[in-house]
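Please keep the structure open while you read.

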Amino acid sequence: MLAYIVRRLLLAVLTVWAISVLSFIIIHLPPGDYVTSYIASMSASGSAVSEGEAKALREQLGLDKPITVQYLKWTGLMLQGNFGMAMEWGRPVSDVIGDRLTLTMVISVAAIVFTWALALPIGIFSAVYRYSFMDYVFTLVGFIGLAIPGFLLALIVMYVGFAYFDANVGGLFSPDLVEAPWNMAKVWDLTKHLPIPAIVLGVAGTAQLIRIMRSNLLDELRKPYVMTARARGLSEYWVVMRYPVRVALNPFVSTIGYLLPYIVSGSIIVSLVLSLPTVGPLLLKALIAQDMFLAGTIVLLLGVLTVIGTFISDLLLMWIDPRIRRGRQ
Amino acid sequence: MAEHGAAEESSRVDPPGIALGVEAAAEPAAKHETRNLAEQRIAVATQWQLMWWRFRKHKLAVGGTLVLAAFYLLAIFADFFAYVDPSESDAQRSLMAPQAIHWFDEGSFKPYVYALKGTRDPMTFKRVYVPDTSTKIPIRFFGRGEPYELLGFIPADRHLFAVEGAKASESLFLMGTDTQGRDAWSRLMHATRTSMTIGLVSVALSLVLGVVLGGISGYFGGAIDSVIQRIIEILRSIPTIPLWMGLAAAVPNDWSVVQVYFAITIIISLIGWTELARVVRGRFISLKQEDFVMAAELVGCSKSRIIFRHMVPSFISHIIAATTLAIPAIIISETSLSFLGLGLRPPAISWGVLLQEAQNIQALVISPWLLIPSFAVIVAVLAFNFMGDGIRDAADPYL
Amino acid sequence: MQNAKKPLLSVRNLHTSFFQDEGTTKAVDGASFDVLPGKTLGIVGESGCGKSVTAQSILRIVDHPGRIVEGKIVLTREDGSEIDLVKLKPNSREMRSIRGGDIGLIFQEPMTSFSPVHTVGAQLIEAVLLHNAVGKKEARRRGIEALRSVGIPKPERRIDEYSFELSGGLRQRAMIAVALSCDPRLLIADEPTTALDVTTQAQILDLLRKIQQERGMAIMLITHNLGVVAEMADDVVVMYLGRVVEQGKVDDIFHDPKHPYTKALLQSIPSIESVPRVKLPTISGSIPHPFNRPTGCPFHPRCASFMSGRCDNAEPVLAPVGDGRKASCFLYQ
C-alpha cells in the first residue's frame with residue numbers, strides 16, 4: 001500500500017514538472033516576445049518605442065537572458081507564490097486570475113458529480129437489462145451525447161434558451177451579484193446557475209462512463225462468484241448490487257483520473273460559449289496577446305489542479321480496492 | 001486418478017462455437033448437407049471474410065459506413081455539389097435566410113426559386129434582398145454553372161444544382177448566407193472536404209506514432225516500456241485543450257494556408273496517439289506470450305519476420321478499429337480549435353470555421369441556419385463511432 | 001430395513017433449454033434420477049453433457065437465455081412435505097430459502113467463486129444471516145465455527161481475509177464452509193476437485209466424506225473423473241447429451257456396465273491391469289454440436305453396438321435392466 005502511494009506521488013510530481021516545462025515551451029514558441037507585441041501595439045496607436053527603451057524594457061522583464069535561466073527564475077518565483085505580472089493588464093497574475101480558477105474547478109467538479117450520478121445507475125441498468133428497449137434508448141442517447149462536442153451543445157443550449165425562452169442561460173451569476181463579495185446569497189446564486197454548465201460539460205463524459213460501466217458489469221455478471229451469491233439464496237437485487245457492481249465500481253472510479261483533465265479541458269471552450277467567468281476566456285485572450293506569465297500560469301495551474309484531482313482519485317481507488325490495499329500479486 | 005479419454009477427431013482449427021462432427025453418415029440427407037456446407041464455408045473462410053460477415057450483421061455500423069461514404073463523396077466532388085465559389089462574398093447579401101425551393105410549378109415537377117430583388121429597408125437604409133414573386137428561376141439538376149476543375153485537373157462546369165437564365169451567385173442560396181454574404185451551402189460542401197481530410201491525415205500521423213511507440217513499448221518491455229508508459233500517463237493526465245490552444249496560438253500569423261493546415265494537423269495528431277499506442281502495446285504484450293510466437297522463434301525466424309509476418313496480422317483488425325474510433329476526437333478537436341479562431345484561418349474553410357459565425361448569440365438567434373454545420377459534425381462523428389464499433393466487434397466479438 | 005427410502009430429491013423428466021438467436025440448445029433433454037438422504041449420488045459425463053445445467057436447474061439459477069421447459073424436481077422438506085421446485089419462481093422467498101438453506105452448492109473454481117473485493121467472512125456471514133434469524137455477532141461466531149469445522153486453522157483470523165490471500169486448498173475448504181454454514185440436507189458439488197492438485201483433492205474428498213457422516217447429509221457429486229466417483233459415490237448416474245443413459249449402484253456400474261457408452265468410458269481408463277503396449281481404446285467420433293443433435297438415440301453415431309434402422313429411428317427410454325438399475329438403450333428394449 002505504501003509503495004502504491006509513493007509511486008503515485010512520484011508520478012504526480014513528475015507530471016507537474018512536465019506540465020511546467022511544456023507550458024513554458026508553449027509560451028515561448030511564438031516568434032517575438034511580449035516587448036515585440038508591445039511595440040507593435042504602441043506603434044498602432046501612434047507612439048513609437050525607441051531601441052533603448054525596448055532594450056531597457058527587456059532587461060527589466062528579464063527577457064534578454066537565456067531560456068533556461070528564465071525558466072528557473074520563473075519556477076523560483078512561483079514557488080514563493082509570485083506568479084508575475086500579467087503584462088497586458090498591468091496587475092499581478094494572481095489578481096487577474098482571482099476567482100476564476102476556483103470557479104473552473106467548481107464547475108468541473110459539478111460536472112463530474114453529475115456525470116457519475118447519471119452514468120452509474122444507467123450503466124447498471126443497461127447491463128442488467130441488456131438488449132431491452134430502454135437499453136437501446138440509452139445506448140442511442142449515449143452515442144449522440146458522445147458525438148456532440150461540448151461547445152456545440154453549449155451553443156445549441158444557448159440558442160434554444162434565447163430563441164424559445166428568451167432567457168440568457170450563460171454566466172454563473174445573476175447580473176446584480178457578479179461583482180458582489182462572497183456571501184451565502186452569492187453561493188446560492190452560483191448553485192442555481194450550475195446545472196446547465198455542469199450538464200453541458202458532463203454529457204460526453206456521461207456517455208463514455210455508461211459504456212464503461214455497462215461493459216465492465218457485463219463482464220462481471222458472467223463470473224462464477226455471481227452464481228455462488230445466488231446459490232446462497234441472496235435476492236436477485238442484492239446479488240447484482242452487492243457483488244458485481246461493487247467489483248465493476250473499481251475501474252469506474254479509476255476513470256476519474258482521465259475524466260478530470262477531459263472535463264477541465266472542455267470547460268475552457270464551453271465557458272467561452274456560455275460566457276462563464278472562469279479561466280477559459282482569460283486563457284484565450286492571454287494566448288492571443290502572448291502575455292507570457294498569465295498564459296503560462298493558467299496552463300500550469302490547470303495542470304496542477306488536475307494532477308491533484310487525479311492523485312485524490314488514486315487514493316480513493318486504493319481505499320475501495322482491497323487488492324491494492326493488501327498488495328495482491 | 002484416471003480419466004477417460006474421448007478422442008476428438010476434428011483436426012482443423014475451428015472458428016468459435018462451430019464443431020465439425022466427423023460422422024455425417026447416419027443423418028437425414030438434405031437438411032444435414034446444407035448445414036454441413038454452411039459449416040464448411042465457415043471453416044475455410046479467411047479471417048477477413050469472417051470479419052466482413054460479422055460486420056454486415058451490425059446494422060448501425062453498415063449505416064455509418066454508408067453515411068461516411070456519402071461524406072467522402074461530397075468531399076471529393078465538393079466543387080460539383082457546390083454551385084458558387086465559397087469565398088465569393090458580397091457584404092450586401094449578408095445573413096440571408098435559406099431560400100425555399102418550390103418543387104411544383106403549376107402541377108408539374110419543375111423546381112424553382114424566386115429571384116431576389118434588392119430594395120432598401122426604409123428603417124435602416126440598408127440594402128436587403130427580398131423574394132420577387134414575379135420572377136421564377138428554374139433549378140436544373142446537373143446543369144451548367146461556374147467552371148471548376150474536377151479532381152483538380154479535369155475542367156468541368158456541371159453542378160448538382162444550377163439555375164437557368166440567371167447567375168447562381170446572384171440567385172441561389174439554398175442555405176442562406178453568412179455575415180459576409182457568402183453562400184452557406186457551397187461553403188459547407190468545401191468545409192466537408194477540409195474537415196474530413198484533416199481527419200484522415202491526422203489519424204495517419206497518430207497511427208504511426210502510436211504503432212511505433214506502442215510497439216516498441218510492448219515488444220521490448222522492461223525499462224523502455226516503463227519510460228514510454230510514464231510519458232503516456234503524463235500526457236493523459238494533462239488537460240489537453242489548453243496545450244493545443246497554446247500550440248495553435250504559436251503558429252505564426254504569416255504562414256500560408258497550407259502551412260497552417262499542416263501545422264494544425266500535426267498538433268491534433270499529437271492527441272490521439274496515446275490511445276493507439278495503448279492498444280498496440282496491449283496487443284504486443286498479450287501476443288508475446290502466445291505459443292505461435294514461441295514456435296516461430298524456435299523455428300529460427302528473425303525478430304522482424306516474427307513481428308511483421310506473425311504478430312501484426314493478428315491484431316491489424318484491432319488497429320483498424322482503434323484508428324477509426326480515434327477519428328471522431330480529431331474531427332472534434334479541429335472543429336473546436338477553428339471555432340476558437342486558433343485553428344484553420346481564412347480563406348481555409350472547415351466546419352469549425354463555419355461555426356465561428358455562430359459564436360455571437362444575438363446573430364445566431366436571427367440567423368439560426370448558421371448552426372447547420374453542427375449537424376454535419378455530429379453526423380460524421382456518430383458515423384465514425386458506429387463504424388468503428390462495428391469493426392471492433394467484428395474483429396473480436398469477445399473483446 | 002426398508003428397501004427404498006423416500007428420496008430427498010426426485011428429478012423427473014427434466015428439460016432445460018437455451019434459446020439463442022442461432023438456435024435452441026437442449027442442454028438437459030429428459031433427465032430423471034433420485035438422490036437418497038445421507039447418500040452420495042455421482043453424476044458422470046463428458047463436458048457438455050448437461051451435468052452442471054442439471055445442478056443449476058435444481059437450484060433454479062439457470063442463466064438467461066436458458067430456462068426449464070418441462071419436468072418436476074421434487075424436494076422432500078424436513079417436515080416430510082414435498083415441493084416441486086420447478087413450480088417456484090426463482091427469485092421467490094421460498095426458493096431462496098431453499099437455496100443455500102436446504103440445498104448447498106460448491107463450485108469448481110474456488111478462486112473466482114469468491115468476490116475479490118469482499119472478505120471471505122463477509123460472504124460467509126451473509127449466508128448465515130440469510131437463513132438463520134440471528135444477530136451479527138452470533139452469525140460471526142457461527143462463521144468461525146464453520147471455518148473450523150472444515151479444517152481451516154486460525155479461523156478467527158482467516159474470516160477477515162480476502163480470497164486471494166488464501167491458498168487453493170484453503171479456498172476450497174472456505175467455499176465448503178459457506179455452503180455448509182446453514183446445515184443443508186443436500187450438498188451439490190460441481191467438479192469440486194478438478195482444479196486442485198492430487199493431494200489436496202484427496203483431502204477435500206476426505207473432508208466431504210467426514211461431513212456427510214457427521215451430518216447425514218446427501219451429496220450430489222458432479223464430475224467427469226470416474227476415479228472420484230468410484231471412491232465417493234453410492235449411486236451413479238451417467239449422462240450423455242443431456243440424457244441419463246444409465247444409472248445404478250456404483251459397484252454395478254463399474255463391474256457390469258450395461259450401456260455401450262458406460263462400457264466405452266470404463267474401457268478408456270488406463271489401468272494397472274490393462275495389457276501393456278496396446279493402444280488405449282477411445283470412443284470414436286466426437287460430441288456432436290448442440291445444434292446438430294443426431295436423431296434417435298443420441299449416442300448412436302459413436303456406438304460400437306449400433307443397430308441400423310432401430311437406434312437412428314427412435315429414442316430409447318430409461319428402463320429397468322436389473323435390480324435397481326436402469327439403462328437407456330435398445331439392446332435391452
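1. Strand S11(C) and strand S12 (residues 325-327) of chain C pair in the antiparallel sense over three bridges. Strands here are DSSP runs of type E with at least two residues, and helices are runs of H or I with at least four, numbered from the N terminus. Two strands pair if DSSP finds at least two bridges between them. C:Gly322 stands opposite C:Arg325 in S12(C). Two residues lie between the strands of this hairpin, and C:Gly324 takes a positive phi near 70 degrees.

2. A word on the model itself. It is predicted: local features need pLDDT of at least 70, side-chain atom pairs count only at pLDDT 80 or more, and totals for chains, interfaces and linings use all residues. Residues are numbered from 1 along each chain as its sequence is written, while chains are lettered from A and ligands numbered from 1 in the order in which they are written.

3. Eight strands of chain C form an open sheet with mixed pairing, in the order S6-S7-S8-S3-S9-S10-S12-S11. Strand S6 (103-106) and strand S11 (319-322) of chain C each have a single partner strand, so one side of each is left without a neighbour in the sheet. The twist averages 25 degrees from one strand to the next. Such angles run from 0 to 180 degrees between N-to-C directions, with axes fitted as lines to C-alpha atoms, for helices over the stretch in contact.

4. Which sense does the pairing of S3(C) and S8(C) take? Strand S3 (residues 40-44) and strand S8 (residues 218-223) of chain C are parallel, over five bridges. Here C:Gly42 stands opposite C:Leu221 in S8(C).

5. Chain C also touches chain A. The contact takes 25 residues from chain C and 20 residues from chain A. Two residues are in contact if their C-beta atoms, placed from the backbone, lie within 7 Å. On the chain C side, helix H2 (93-98), helix H3 (110-113) and helix H4 (120-131) each supply at least two residues. H4(C) gives the largest share of that side, four residues. By class, the chain C side has 12 nonpolar, eight polar and five charged residues. Ala, Val, Leu, Ile, Met, Phe, Trp, Tyr, Cys and Pro count as nonpolar, Asp, Glu, Lys and Arg as charged, and the others, Gly among them, as polar.

6. Look at two helices in chain B. The axes of helix H8 (residues 240-249) and helix H9 (residues 257-288) of chain B come within 10 Å and cross at roughly 160 degrees. H8(B) and H9(B) are therefore roughly antiparallel (over 145 degrees). B:Thr240, B:Trp244, B:Leu247 and B:Ala248 in H8(B) meet B:Ile264, B:Ile267 and B:Ile271 in H9(B). That contact has six nonpolar, one polar and no charged residues.

7. Is B:His159 buried or exposed? B:His159 has 25 C-beta neighbours inside 10 Å, so it counts as buried (20 or more within 10 Å; exposed means 12 or fewer, partly exposed in between). B:His159 sits in strand S4 (residues 154-163) of chain B. Leaving out residues up to four places away in sequence, B:His159 touches B:Phe80, B:Tyr83, B:Gly143 and B:Gly145.

8. Last, chain A. Its secondary structure comes to 17 helices and two strands. Buried residues make up 42% of the 329 residues in chain A.

Technical notes
Angles under 35 degrees count as roughly parallel, over 145 as roughly antiparallel, 65 to 115 as roughly perpendicular and the rest as oblique.
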